[in-house]
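Please keep the sequence and the model in view while reading.

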Amino acid sequence: MNSIIKYTFVGLLCATSSVFAQMPHDVIYMPKNTGCLAVSYNNSSWKQYWENTLKRENFNIGTLTTESVIPMLAVGITNKLNVIVGLPYVQTKASAGNLMGQKGIQDFSGWLKYKLVENDKGISLHGVIGGSVPVGNYVPDFLPMSIGLQTKTATGRLIGNYKHASGAYVTAHASYIFRSNIKVDRDAYQADNRVYNTNEVRVPNATDVALRAGYDKKGIQAEAFVEKFSCVGGDNIRRNDMPFPTNNMTATSVGLYAKYQPKNIGFNLRASKVINGLNVGQTVSFSIGILYQFNYLKQVTKK
């Protein structure tokens with residue numbers, strides 16, 4: 001079971017992330033009639049952020065820290081089809097100023113991952129569909145202290161993979177994320193250099209691409225990766241203003257991931273840093289998780 005952090009709403013300026021274990025963007029599957037339960041602790045923080053293209057600090061925030069605990073479950077329906085679900089608990093806090101952080105349950109996410117093609121040369125193609133629905137009653141337009149955007153999402157993803165017999169592999173994926181409009185607690189708002197006299201806000205759709213290279217064999221996995229999340233359209237944070245769900249948020253991250261799972265119980269670690277962005281924080285993140293693999297349906301043999 002592979003655990004990696006996936007952006008559900010980079011738009012929180014803190015690049016807050018949802019964690020997934022054995023994931024919608026890897027090519028590791030639970031065999032039929034088996035499952036894997038993972039629980040991860042995640043910590044991300046930033047002190048500088050990009051206001052449009054201007055990199056700056058905000059002394060009314062100081063360092064913004066986001067912590068989350070995310071239980072995830074992956075189940076093997078068949079050897080080629082997995083179901084993955086997760087529900088994170090998230091909290092935010094600032095080291096300076098008087099902005100109050102938020103905390104609570106965020107969004108329920110669910111995914112179907114299917115192995116489309118595989119040949120004897122180590123090349124495979126995988127398709128993923130999924131989505132998320134807000135569960136917690138959090139405030140979406142109090143960025144960057146919000147824990148989510150209250151938008152419903154639907155995602156389609158293709159994953160290509162090559163794995164050598166030695167255990168070395170290269171994986172690439174590309175995704176498109178549809179995001180619904182949201183309603184905010186105000187009668188009007190400003191975006192796109194105009195005023196909208198409504199409480200309904202359009203949240204931009206997004207794309208997500210990544211490239212990973214690593215080693216996976218005999219219960220040991222290690223990889224390096226680069227990821228890029230980009231909104232499709234949207235506006236920029238206005239000078240000395242707060243971010244807003246309509247912002248065009250882009251983040252490029254690099255990082256390392258490692259997992260050790262010789263038998264049923266395993267552990268994983270992940271670290272990443274945003275190296276370039278637009279309307280997001282320069283976030284440094286790390287996570288640690290524990291994994292437990294189990295059989296959920298015993299085979300009954302008639303004598």
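With which residue does aspartate 216 form a salt bridge, and how far apart are the closest N and O atoms? The partner is lysine 163, and the closest N and O atoms are 4.0 Å apart.

## Basis of the model

This is a predicted model, in which local features need pLDDT of at least 70 and side-chain atom pairs count only at pLDDT 80 or more, whereas totals for chains, interfaces and linings use all residues. Residues are numbered from 1 along each chain as its sequence is written, and side-chain values use heavy atoms, with hydrogens and water left out.

The pLDDT, which is the predictor's confidence in each residue on a scale from 0 to 100, averages 90 over the protein chain, and 91% of the residues score at least 70. Over residues 1–21 the pLDDT stays under 50, and the model has 120 contacts for them beyond four places in sequence (a contact means heavy atoms within 4.5 Å). Residues 299–303 also have a pLDDT below 50, and this stretch has one contact in the model beyond near neighbours in sequence.

## Salt bridges

A salt bridge is counted when a side-chain nitrogen of Lys or Arg lies within 4 Å of a carboxyl oxygen of Asp or Glu, and by this rule there are eleven. Arginine 186 pairs with aspartate 141, with the closest N and O atoms 3.1 Å apart. This pair links distant parts of the chain, 45 residues apart, with arginine 186 in the loop between strand S14 (182–183) and strand S15 (189–191) and aspartate 141 in the loop between S11 and S12. Strands here are DSSP runs (E, at least two residues), numbered from the N terminus. Arginine 186 is partly exposed because its relative accessible area is 34%, while aspartate 141, at 11%, is buried; buried means under 20%, exposed over 50% and partly exposed in between, with a 1.4 Å probe and protein chains only.

In the pair of aspartate 216 and lysine 163, the former lies in strand S18 (residues 206–217) and the latter in strand S12, so the bridge ties together parts that are 53 residues apart in sequence. Aspartate 216 is buried at 17%, whereas lysine 163 is partly exposed at 34%. Salt bridges with shared partners also join Arg212, Glu223, Glu227 and Arg270 into one network.

## Backbone features in loops

The peptide bond from leucine 143 to proline 144 is cis, with omega near 10 degrees, and proline 144 is placed in the loop between strand S11 (123–134) and strand S12 (153–163).

Asparagine 240, in the loop between strand S19 (220–231) and strand S20 (250–260), has a positive phi of about 60 degrees although it is not a glycine. Asparagine 279, in the loop between strand S21 (265–278) and strand S22 (284–295), likewise has a positive phi, near 60 degrees. Asparagine 240 counts as exposed because its relative accessibility is 56%, but asparagine 279, at 0%, counts as buried.

## Cysteines

With a disulfide taken as a pair of cysteine sulfur atoms within 2.5 Å, the count comes to zero. Cysteine 36 is buried, with a relative accessible area of 0%, and cysteine 231 is buried as well, at 9%.

How values were computed. Helices (H or I, at least four residues) and strands (E, at least two) are DSSP runs, numbered from the N terminus.
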